[in-house]
Amino acid sequence: MLVFIIRRLLQSMLVLLAVSIVVFVGLYAVGDPVDILLPDDANQSERQAAIRSLGLDKPLITQYGIFLGKAVQGDLGTSFVFNIPSIELILSRMPATLELALCAMVIAVLIGIPLGLWAGLKPGSAADEVITTGSILGFSLPGFWQGLMLIMIFSVWLGWLPSNGRGTTGTIFGIETSFATWDGLRHLLLPAINLALFKLAMMIRLTRAGVRETMPLDFVKFARAKGVSEPRIVLVHVLKNILVPIVTVIGMELGSLIAFSTVTETIFAWPGMGKLIIDSINKLDRPVVVAYLLVVTMMFILINLVVDLLYATLDPRVRLKGVSE
Amino acid sequence: MTEPLLVIRDLETHFDTRQGTVKAVNGVSLEVSRGEVLGLVGESGSGKSITGFSILGLLDPPGRIASGSIRFKGEELVGASQERMRRLRGKDIAMIFQDPMMTLNPVLRIDTQIIEAIQVHDKVSHKAAHARAAEALRRVGIPSPEERLKAYPHQFSGGMRQRVAIAIALLHSPALVIADEPTTALDVTIQAQIIHEMQKLCAESGTALIWITHDLAVIDSMGDRVAVMYAGRIVETGAVRDVIAAPAHPYTRGLIDSVPSRNHRGQRLAQIPGMAPSPLNLPQGCAFNPRCTFADAACQVVPDETDLDNERNGRRVRCFHPIRLAQETVS
Ligand SMILES: Nc1ncnc2c1ncn2[C@@H]1O[C@H](COP(=O)(O)OP(=O)(O)O)[C@@H](O)[C@H]1O
Ligand code: SF4
Ligand SMILES: [Mg+2]
């Protein structure tokens, strides 16, 4: 097990290196941050000074070399805009994004799996029709539109929930979070639902398909032939079998929720990483963008690792490479 | 005079499909006595499995029992409640399936799967159930059962998996076991071992057995009585010895002639000409008539099951022109 984890972490170093090169070169090609950072009336010598102080006068390869040298020491550069270490900036925004993503995922799983089971067990029934149609809507309506509708209905018309910002936060175990206060929770609800809807549709689809695929299998019939009750067949025999694909998708989707919650964070003015990255891209704040993408890549790698480990516990037939030998 | 353990009368099991109604079981009548081994033989698609599932109430939609009666220990099972059927399954009637790779749940440990089968019918502690599970594995010849209980199905060979399934089926010493081609997926040596042990175990506990197979040779080696099925109907029933020595139905005759061991060396195997009919488009009258060398105008109606004259042992045949011994000596 340990060998497997170490091997995977070493592999991830290579991935991070590759990502950093691609991102660095890509951003270099996009545009010149100096144009955006300096006031329009800045003169030529001010320009030169700014370029030199940001290290942009050196050739690309040297710039990358300097970046890499610092990166291995944990320094991913300093934000052009905020003038603080970019990694610090990102970490300060991370809790807001993480709590939003986790909350969305919990909503999607807790509602999606039961609905998917219900629909899958009664294919063609009215309940199935409603649930499946709903999931198609969840899939096909654009996320930003769903977000605007949520704001319109629950904030503007009904006035039940706030639609802007994070509200009051408290601390739980030393982490600043919206879960700690009632106001925080109220602020969290709409953006979390907005993020959750697509994933919810996906959970429904996945669970429904899994149930439909598993129910006709012989081992279900054999369990019935033993006299096992229907609830136990569904909740133990069937669910445990379809959990493997579900866990994979939860893992992948959790990564994408964390990484790409930008639209929702923008709509709801949620002060998370997604909003930060959009602002940073607009200002061509290269160190922040690079650091952000590296952090996100690392997160994907970690989630993948956890998913693979979960796999092995859920499905006894899966052997982790490097463990069985 | 007590009624036999299982009495099926005019059972019709239908599947309503988009192409039409498939009469998978089309008027089957059968009896099984206590402790008896009945072979249910027929080509693939003849309705053997569906007959078995009908008895246990395990039909998946759109399958349904359209009419007929299934009486088990005098109790009518057609129309019995779901809960009644669930209590019966595994306790009084058990079933074993064809593919041992598929019948055990791949993600649950063997002990989980055996213990749940015990506890669903008997209120016993987990510890007592565990001990019974180990004993059950030992009975079917699985070495070091305590260790094997902790294993997952994929860690067993096909033969061992089928032994586990048999152990589960016999847990509650049911009065009847329906074995649906349980050895078809296994190789010949293991097949013979399992048949032998299954016979022994059922004899010990007085369990009756419906052994479903497409292979008459298997029934020859184990059955008391045989019922031959063709296109959803029983076409011939009788004691195994009688039927194999002198098949009366042309289809049974064809089956016997195509069993390799019964032919003299060097002689070509006789295959039944033609193909099994499509269940959606059965021939008019006797469903075997397009393939039958004895067919004539009379065969355009469905023949009834009739007692073969001068026969005892409940020998019945569904044919207008049954083959008789005398006829055979002439030809
Ligand atoms: N789900 C189903 N839908 C429609 N027809 C079915 C279904 N299951 C079985 N049948 C029909 O029932 C017939 C008998 O099937 P089966 O009992 O499995 O045959 P076998 O004798 O090989 O066990 C098949 O020919 C098939 O056409
Ligand atoms: S009834 Fe006619 S067609 Fe059918 S098996 Fe007998 S002889 Fe052949
Ligand atoms: Mg079958």
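Two strands are taken to pair if DSSP finds at least two bridges between them, and helices (H or I, at least four residues) and strands (E, at least two) are DSSP runs numbered from the N terminus. In chain B, a hairpin joins β1(B) to β2(B) through two residues. The structure is a predicted model, in which local features need pLDDT of at least 70, side-chain atom pairs count only at pLDDT 80 or more, and totals for chains, interfaces and linings use all residues. Residues are numbered from 1 along each chain as its sequence is written, chains are lettered from A and ligands numbered from 1 in the order in which they are written, and side-chain values use heavy atoms, with hydrogens and water left out.

Strand β1(B) is joined to strand β2 (residues 20-32) of chain B by ten bridges, and the two run antiparallel. Within this pairing, B:Ile8 has B:Leu30 of β2(B) as its bridge partner. Strand β1 (residues 6-17) of chain B also runs antiparallel to strand β4 (residues 63-72) of chain B, with eight bridges between them. Here B:His14 is bridged to B:Arg64 in β4(B).

Chain B also contains an open sheet of eight strands with mixed pairing, in the order β6-β7-β8-β3-β9-β10-β12-β11. The edges are formed by β6 (93-96) and β11 (306-307) of chain B; each has a single partner strand, so one side of each is left without a neighbour in the sheet. Strand β3 (residues 37-41) of chain B pairs with strand β9 (residues 225-230) of chain B in the parallel sense, over four bridges. The bridge partner of B:Gly39 in β9(B) is B:Val226.

An N or O atom in the side chain of B:Lys48 is 2.9 Å from an oxygen atom of ligand 1. On the backbone, a polar atom of B:Ile50 is 2.9 Å from an oxygen atom of ligand 1, and an N or O atom of B:Ser46 lies 3.2 Å from an oxygen atom of this ligand.

Ligand 2 is surrounded by 13 residues, the closest being B:Cys286, B:Asn289, B:Cys292, B:Cys299 and B:Cys319. The shell around ligand 2 has ten nonpolar, three polar and no charged residues. In this classification Ala, Val, Leu, Ile, Met, Phe, Trp, Tyr, Cys and Pro count as nonpolar, Asp, Glu, Lys and Arg as charged, and the others, Gly among them, as polar.

The contact between the chains (heavy atoms within 4.5 Å) takes 20 residues from chain A and 27 residues from chain B. About 2300 Å² is buried between chain A and chain B, 62% of it on carbon and sulfur atoms; buried area is the accessible area (1.4 Å probe) that two parts lose on being put together, summed over both. On the chain A side, A:Lys221, A:Phe222 and A:Lys226 lose the most area to chain B, together 31% of what that side buries. Four salt bridges are counted between chain A and chain B, a salt bridge being a side-chain nitrogen of Lys or Arg within 4 Å of a carboxyl oxygen of Asp or Glu. One salt bridge links the side chains of B:Asp60 and A:Arg224 (3.8 Å, N to O).

Terms used:
A residue is near a molecule or strand if one of its heavy atoms lies within 4 Å of it. A polar contact is a pair of N or O atoms within 3.5 Å; within protein, one must be able to donate a hydrogen and the other to accept it, and residues adjacent in sequence count only if both atoms are side-chain atoms.
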